[in-house]
Amino acid sequence: MDIQENIVNKVAQSGLITIDLAEYAPIQEDILVYDIKDNLFHGLILKEKDFRDFVKQHDWSQYQGKHIAITCSTDAIVPTWAYMILANKLTPFTKSVHFGTKEEVVRNLFAEAMQAIDYTAYSDQRIVVKGCGDVYVPESAFVSFTHKLSEVAKSIMYGEPCSTVPVFKRKN
């Protein structure tokens with residue numbers, strides 16, 4: 001019995017463009033947290049003179065090329081100017097400086113990446129936004145991407161090309 005059939009890859013012929021938002025993920029090792037709690041007297045109070053002395057003596061070059069999350073993990077009242085001084089000292093060395101947690105920095109960096117995309121490249125295209133990967137992509141990135149993509153795409157689906165969930169289809 002000699003049966004010969006051609007196997008046809010219908011996914012490849014579908015004209016779908018698959019986009020993996022994980023490709024826009026920041027490198028986790030490039031994000032460091034600066035916790036100002038280490039500069040507090042008894043973990044409660046920021047003494048201006050001690051803080052300014054620390055700022056002058058600290059080696060800020062250790063943050064070279066990193067994204068920094070400035071935060072305070074204790075329940076202390078920290079004056080705004082202290083965060084401003086840290087941002088000023090970190091700026092010459094870092095890729096970016098943010099206020100908040102590492103997770104908030106990841107969301108901020110994803111938001112910046114979503115804004116930088118040239119969405120016109122997806123005009124009238126059928127797009128599958130890949131989900132369920134090894135790299136964490138915040139929901140905010142999916143929302144931002146979909147918001148911008150909805151203005152130009154013919155259709156948007158979520159998942160894998162072989163198994164998608166319809167999100168949007170432009171009506172002619």
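Does Asp30 count as buried or exposed, and at what relative accessibility? Asp30 counts as buried because its relative accessibility is 15%, where buried means under 20% relative accessible area, exposed over 50%, and partly exposed in between (1.4 Å probe, protein chains only). The model is predicted, so local features need pLDDT of at least 70 and side-chain atom pairs count only at pLDDT 80 or more, while totals for chains, interfaces and linings use all residues. Residues are numbered from 1 along each chain as its sequence is written, and side-chain values use heavy atoms, with hydrogens and water left out.Is Asp30 buried or exposed? Asp30 counts as buried because its relative accessibility is 15%; buried means under 20% relative accessible area, exposed over 50%, and partly exposed in between (1.4 Å probe, protein chains only). The model is predicted: local features need pLDDT of at least 70 and side-chain atom pairs count only at pLDDT 80 or more, while totals for chains, interfaces and linings use all residues. Residues are numbered from 1 along each chain as its sequence is written, and side-chain values use heavy atoms, with hydrogens and water left out.

Asp30 is placed in the loop between strands S1 (16–19) and S2; helices (H or I, at least four residues) and strands (E, at least two) are DSSP runs numbered from the N terminus. Residues up to four places away in sequence aside, Asp30 touches Gly65, Lys66, His67 and Lys95, contact being heavy atoms within 4.5 Å.

Leu44, in the loop between strand S2 (31–35) and helix H2 (48–57), counts as exposed because its relative accessibility is 54%.

The largest nonpolar core has 24 residues, of which Leu21, Met114, Phe145 and Leu149 touch the most other members. Such a core is a set of buried Ala, Val, Leu, Ile, Met, Phe, Trp, Tyr and Cys residues joined through side-chain atoms within 4.5 Å. At least two residues of this core come from each of helix H4 (102–116), strand S5 (126–129) and helix H5 (139–149), and H4 gives the most, with 6 residues. A second, separate core of 18 residues includes Phe51, Tyr63, Val78 and Tyr83.
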